[in-house]
Amino acid sequence: MNNFNFAQASETDEAISMVNGNDNSFYIAGGTNLLDLWKYNITRPAELVDINKLPGHQAIERLPDGGLRLGALVTNASTAYHPMIEEKYPLLSKAILAGASAQIRNMATNGGNLLQRTRCYYFYDVNTPCNKREPGSGCSAIGGYNRIMAILGTSEHCIAVFPSDMCVGLAALDARVNVTGPDGERVIAFSDFHRLPGDTPQLDNNLHHGELITSIDLPPSGFEKNYSYLKIRDRNSYAFALVSVATGLELNDNIITDARIALGGLAHKPWRVIEAEDFLKGKQANEQNFGAAADIILRGATPYPFNSFKIELARRSIIRNGMMALDPSTAIPGARPV
Amino acid sequence: MELPISTPDISTEQISATSEVNFTINGTEQQVTVSPWTSLIDTLREQLDLTGTKKGCDHGQCGACTVLCDGKRILSCLTLTVMKNGSSITTIEGIAGENGLHPLQQAFIDHDAFQCGYCTPGQICSAIGMMKEGRAKTREEVKELMSGNLCRCGANVGIIDAIMEINNGGKHE
């Protein structure tokens, strides 16, 4: 653990000017992942800039198009329990509440959730090679114990998975990420926010250094009638996903008119395959069709010696979660579709 | 095989700036002088001699360091003291009322809700925060919303029994 300087920013522009141009200066909000990484000597900040007091990013507000804007500094708990989220975006609420613990959700912010880093145990062990931590040093997971690692979108340089539950929900909802920075404001589609490892696994996402997430926008459609979040893990609570699925359906009788399926625990980013969602449109909502969609989603999945089980686990999870979405009252941990 | 060695890009070891932090601890206003990297749990234990709050993993995985900040349960190991200027912190030392133990403390005794007791202060602070959140009614919901507090003696059944007694408005309330 290194020593660092600390500064509190009172305006967004001020915060950006403090971090911009200094590669070792970082924003801190909830700090639940950043301080953990610092304690493990993975992140060695020269300066932390506290952004918790910045005005303008602290609320959940309606958008003119009927959607919702989630302030980047609102905590995960306040978001999950917000009346408008529970009512219109219960899929997001369930996804958030499937992650971390109540204490961490009280501290962690929406912006920070997007920026948390992998829990790959080789990334966390500074005594082992890791291309994400030390580019060019190698990947210990590929030839190591890779049970929790990715099966989709991997590269020869990194097979880590992105750990967030909230982001799987946001991916399914087609959220947009609003950011501001030294070069002004921009909007990033959720599917473009996180990256695949490729040959630059040290980059988790497409945010530039100095850029700041200000809010996350949700489109009007929240799939509040037919949704489910299923998280499969080694213990019932407070563990990262081996596989997770966020499913949202629009139904006309039992015919699917719109479908979203996003997966966690399988890749370096929340995983969506539009072709599978398009396949489901106009089809009956049943196990056979969800299974066919799962086969499209998992096409090209590449297992490693200890995680080949994830392919079948993901397939079954997609089917089960599709059926649970038909009756969200069954969407509790351990519940089976009737 | 060449192993990676993490080295800071700039020398930060000489940094020695300190900050004054003013906050309320268990109802008493306190002023402490801390380094930017001092965690709240270290301030509580090392500077304020409030050793009831326990350091378990120091990485946010066990919940032993749980305290209440402005009424909400948080992890004091993943909190920088310098970021809590102006806050009101309640630790296990501030839980009991003027007339003796907090009902939940008594319930922990009545239900044999601990063996070694190391996780107990965090369990009690967390449960008080949980009850204030008002989201847990059933036993299953309590178990889920208390999952951030580990008990490796295995007293979990007694812990949940104790919380259920108070959470359900039992004989103590």
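## Working through a predicted two-chain model

Strand 4 (residues 60-62) and strand 5 (residues 68-71) of chain A pair in the antiparallel sense, with three bridges between them. Keep in mind as you go that this is a predicted model.

**Exercise 1. Follow strand 5 of chain A to its partners: which strands does it pair with, and over how many bridges?**

Step 1. Start with strand 4 of chain A, which pairs with strand 5 of chain A over three bridges. One contact point to find on screen is Arg62(A), whose bridge partner in strand 5 is Leu68(A).

Step 2. Look at how the chain gets from one strand to the other. Strands 4 and 5 of chain A make a hairpin with five residues between them, and Gly66(A) in the turn has a positive phi of about 95°.

Step 3. Now look for the other partner. Strand 5 of chain A also pairs with strand 8 (residues 212-218) of chain A, in the antiparallel sense, over four bridges. Leu68(A) turns up again here, with Leu218(A) in strand 8 as its bridge partner.

**Exercise 2. Is Met107(A) buried or exposed, and which residues does it touch?**

Step 1. Find Met107(A) in helix 6 of chain A.

Step 2. Count neighbours. The cut-off for buried is 20 or more other C-beta atoms within 10 Å. Met107(A) has 24 C-beta neighbours inside 10 Å, so it counts as buried.

Step 3. List the contacts, skipping residues up to four places away in sequence: Gly30(A), Thr32(A) and Thr75(A), then Ile74(B), Leu75(B) and Leu78(B).

Step 4. Zoom out to the whole interface. Here 31 residues of chain A are in contact with 31 residues of chain B. On the chain A side, strand 1, helix 2 (34-39) and helix 6 (102-107) each supply at least two residues. Helix 6 of chain A gives the largest share, five residues. Sorted by class, this side has ten nonpolar, 14 polar and seven charged residues.

**Exercise 3. Which residues have the most contacts inside the largest nonpolar core?**

Step 1. The core has 146 residues, and Leu91(A) and Leu266(A) have the most contacts inside it. Its largest share, six residues, comes from helix 9 (residues 166-172) of chain A.

Step 2. Take a closer look at Leu266(A). Beyond four places in sequence, its contacts include Ala150(A), Ile151(A), Leu152(A) and Trp271(A).

**Exercise 4. Where do Asn26(B) and Asp70(B) lie, and how exposed is each?**

Step 1. Asn26(B) sits in the loop between strand 1 (19-25) and strand 2 (28-34) of chain B. Asp70(B) is in the loop between strand 3 (66-69) and strand 4 (72-75) of chain B.

Step 2. Check the backbone. Asn26(B) isn't a glycine, but has a positive phi of about 50°. Asp70(B), also not a glycine, has a positive phi near 50°.

Step 3. Count C-beta neighbours inside 10 Å. Asn26(B) has 19, so it counts as partly exposed. Asp70(B) has 12, so it counts as exposed.

**Exercise 5. Over which residues of chain A does pLDDT stay under 50?**

Step 1. The stretch you want is residues 334-338 of chain A, for which the model has eight contacts beyond four places in sequence.

Note on methods
Residues are numbered from 1 along each chain as its sequence is written. Chains are lettered from A and ligands numbered from 1 in the order in which they are written. This is a predicted model: local features need pLDDT of at least 70, side-chain atom pairs count only at pLDDT 80 or more; totals for chains, interfaces and linings use all residues. Two residues are in contact if their C-beta atoms, placed from the backbone, lie within 7 Å. Ala, Val, Leu, Ile, Met, Phe, Trp, Tyr, Cys and Pro count as nonpolar, Asp, Glu, Lys and Arg as charged, and the others, Gly among them, as polar. A nonpolar core is a set of buried Ala, Val, Leu, Ile, Met, Phe, Trp, Tyr and Cys residues joined through C-beta atoms within 7 Å. pLDDT is the predictor's confidence in each residue, from 0 to 100. Two strands pair if DSSP finds at least two bridges between them.
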